[in-house]
Amino acid sequence: MLEIKNLHATVDGTEILKGIDLSIGAGEVHAIMGPNGSGKSTLSYVLSGRDGYEVTEGEVLLKGQNLLDLAPEERAAAGVFLAFQYPVEIPGVPNTTFLKEAVNAVRKSRGESALDAMQFLKVLRAKVKELGMSDEYLKRAVNAGFSGGEKKRNEVLQMAMLEPALAVLDETDSGLDIDALKAVADGVNALRGPERSMLVITHYQRLLDYIVPDRVHVLSQGRIIRSGGPELAKELEAKGYADIIEAAA
Amino acid sequence: MATEALTVSEIEGRWRDLAGTLPGAGIDWLDDFRAQGLEQFRASGLPGPRLESWKYTNLPRALRDRSYTPAATAQRTSLDRVASLLPAESTRLRLVFLDGRFSAEHSQLADLPEGVTLAPLSRVLRDAPQRLEGLLQAADYDRERALQALNDALFDEGLLLSVSSGIQLDTPVEVIFVGGTSDEAVESHQRLVVSIGRGAEATLVEHHQSVGSGNGLLNLVSDIHVAAGAGLTHLRVQETGDESVHLAGTHLQLERDARYRSLAFTSGAALSRHEIDATLLGENADVTLDGAYLLRGRQHGDTTSVIRHTVPHTSARQTYKGALDDRARGVFQGRIVVEQDAQKTDGRMLNKTLLLSEKAEIDSKPELEIFADDVQCAHGATAGELDADALFYLRSRGLSQEGARALLVEAFVAELIEDFPVEALRPALLERLQHWLLGTS
């Protein structure tokens with residue numbers, strides 16, 4: 001599904017990613033773990049096409065299509081979804097309007113017809129119910145005044161509506177108490193499927209108790225220094241990053 | 001040889017030809033009122049950038065090489081349809097002016113409720129000129145007010161809306177000024193005279209539009225008086241053609257417990273200036289002046305306001321928000337004056353502008369002049385580009401760059417429209433906002 005080959009990227013002229021190779025098969029969930037400053041968020045922004053993140057070498061293929069040539073909205077249409085670490089508040093734009101614009105923009109670029117208001121609301125209400133959210137979310141402006149947990153749930157709702165091929169979850173656990181974490185993880189798990197791959201980026205192992213990955217990779221100073229099964233996350237939790245990084249050096 | 005419009009010599013010449021033919025000529029107090037206006041204009045001339053409040057809006061330059069035909073002598077073509085901001089099924093009270101001339105054909109004045117006077121000013125001056133005495137406010141002797149003095153001298157049309165004490169006028173009064181109905185560039189001087197009696201309520205919808213690019217000039221003065229306990233809601237939409245010049249001055253006076261709320265939506269004209277001079281004369285008077293401006297190309301839009309708190313316990317809120325694209329230029333000069341006796345004044349002013357292009361410009365100058373010591377006053381101004389984080393967030397969800405920009409600008413401005421209390425008018429405003437956004441590059 002996703003092939004990252006020798007990916008180098010710079011921010012403001014400083015190289016942050018120094019040759020990442022990663023392959024995620026269809027339906028697989030991979031976790032990237034790493035200490036602060038290892039390049040985790042940079043990887044998520046490079047995958048989603050944010051301005052200011054310059055790829056200097058390497059390639060990223062999603063279902064064989066080179067993502068790096070595409071604008072952020074084209075990547076969304078190709079099936080990339082980034083769940084933000086800090087979802088952006090957009091006062092004045094009702095959540096429903098935003099979701100409808102997003103879903104129909106993606107449908108349009110995939111050559112599908114736009115959903116009319118009735119069809120859209122029907123699908124939206126069903127997803128909201130599945131995620132155990134309240135309809136109240138829909139009337140409010142996008143993320144404006146939402147709690148940390150509400151924002152992350154809103155990210156999961158958007159993912160559910162957009163049905164991406166590749167979901168990148170950037171520090172989805174940050175700022176969440178255990179109940180909110182569990183609710184968000186349940187939402188993410190419900191979206192796991194044979195046609196959807198996920199890349200879960202996290203600092204802590206805690207999230208991976210709830211979203212159990214197929215593979216775990218340790219990122220340090222812009223490189224993947226070790227990969228393993230879910231047990232690697234436990235080992236990291238027990239030993240800390242310092243030991244693992246030292247052992248790999 | 002091109003004549004320059006609105007120079008003192010040109011106006012003097014015109015006065016010699018026209019003064020005797022202006023509606024109401026021969027009525028002593030009105031003749032005096034006009035003569036005083038002419039005298040003041042003669043002394044000050046057209047206001048130019050050397051005057052403090054005209055620093056950012058160069059009217060003489062905008063009028064250079066332009067010449068106009070006075071409304072009284074211009075030929076007009078017929079007009080099939082006049083756009084309305086009200087829903088089609090609404091009951092109407094409507095006055096329509098085509099380049100400064102009242103059009104009975106497009107107006108609707110039947111079934112006026114008891115206690116309501118609504119008539120074109122030319123008719124009032126002919127039939128009952130005494131009704132205007134005391135309602136017309138002469139321009140102060142002030143060079144910055146020269147356009148109002150010019151209007152005092154030359155106004156020949158407009159409307160009188162008078163609502164008697166205790167009357168609730170539920171039907172909005174719609175006044176529509178259409179420019180560009182003549183092959184010539186028409187200059188007109190109009191007057192809106194509005195008097196809301198004690199405890200009365202009314203809604204006024206003032207709509208400026210053009211046929212085509214509308215190359216005329218309108219100099220409009222509004223005298224609005226809201227008596228004790230009365231309320232007026234005023235929507236003002238200025239969407240004239242992009243070659244027109246639109247100059248407007250509003251004198252607003254509020255007595256005790258009076259309420260006035262306005263929303264000024266501006267997307268038209270090559271050059272526009274709206275001056276507001278609001279005076280809160282009685283305790284608990286409350287004024288809300290909101291404004292939205294959407295300008296592009298080389299449009300220039302100026303709002304210059306003064307809110308005067310003269311007695312204790314009055315409140316004023318002013319929120320002006322807009323988006324400027326291309327090389328458009330916006331001007332916002334807002335002054336709050338709190339006189340010595342005006343303790344417990346609550347005054348808030350905010351101006352926020354989105355600059356959608358590097359060459360767009362806003363000159364924002366909020367000012368407080370406070371002579372009382374126990375007041376709550378605040379002002380603020382911001383200007384900037386669209387939030388890059390929000391743009392990326394929307395694009396990462398599949399919205400195109402243009403779509404994301406439009407959605408953010410829409411949200412920014414729509415907030416003011418959603419705050420406007422007359423729900424039936426919001427759809428037309430949102431439609432205009434969306435239409436403007438479709439033209440954004």
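Chain A has 10 helices and 12 strands (DSSP runs numbered from the N terminus, with H or I of at least four residues for helices and E of at least two for strands). Its radius of gyration is 18 Å, close to the 18 Å from the globule rule for 249 residues, so chain A is as compact as a globular protein of that length; the radius is taken over C-alpha atoms, and the rule is 2.2 Å times the number of residues to the power 0.38. This is a predicted model, in which local features need pLDDT of at least 70 and side-chain atom pairs count only at pLDDT 80 or more, while totals for chains, interfaces and linings use all residues. Residues are numbered from 1 along each chain as its sequence is written, chains are lettered from A in the order in which they are written, and side-chain values use heavy atoms, with hydrogens and water left out.

**Chain A as a whole**

- The C-alpha trace of chain A spans about 55 × 40 × 35 Å along its principal axes.
- Of the 249 residues in chain A, 52% are buried (under 20% relative accessible area; exposed is over 50%, partly exposed in between; 1.4 Å probe, protein chains only).
- Among contacts in chain A with a separation of 6 or more, 68% join residues 24 or more positions apart (contact means heavy atoms within 4.5 Å).
- Carbon and sulfur atoms hold 48% of the accessible surface of chain A, which comes to about 10,800 Å² (Shrake-Rupley method, 1.4 Å probe).

**Annotated span in chain A**

- UniProt, in an unreviewed entry, lists residues 2-246 of chain A as "domain: ABC transporter"; such annotations may be inferred rather than shown by experiment.
- This span is 40% helix and 29% strand, and its end C-alpha atoms lie 29 Å apart.

**S220(A)**

- S220(A) lies in strand β11 of chain A, residues 215-220.
- With 9% relative accessibility, S220(A) counts as buried.
- Not counting residues up to four places away in sequence, S220(A) touches S38(A), I225(A) and I245(A).

**Helix α5 of chain B**

- Helix α5 of chain B covers residues 146-154, and nine of its nine residues are buried, so the helix is largely enclosed by the rest of the structure.
- The buried residues of α5(B) include Q148(B), N151(B) and D152(B).

**V338(B)**

- V338(B) is in strand β17 of chain B, residues 329-338, and is buried at a relative accessible area of 0%.
- I307(B) is 31 residues from V338(B) in sequence and 8.4 Å from it in space, C-alpha to C-alpha.
- Beyond its neighbours within four places in sequence, V338(B) contacts residues including H309(B), T345(B), E369(B), F371(B) and C377(B).
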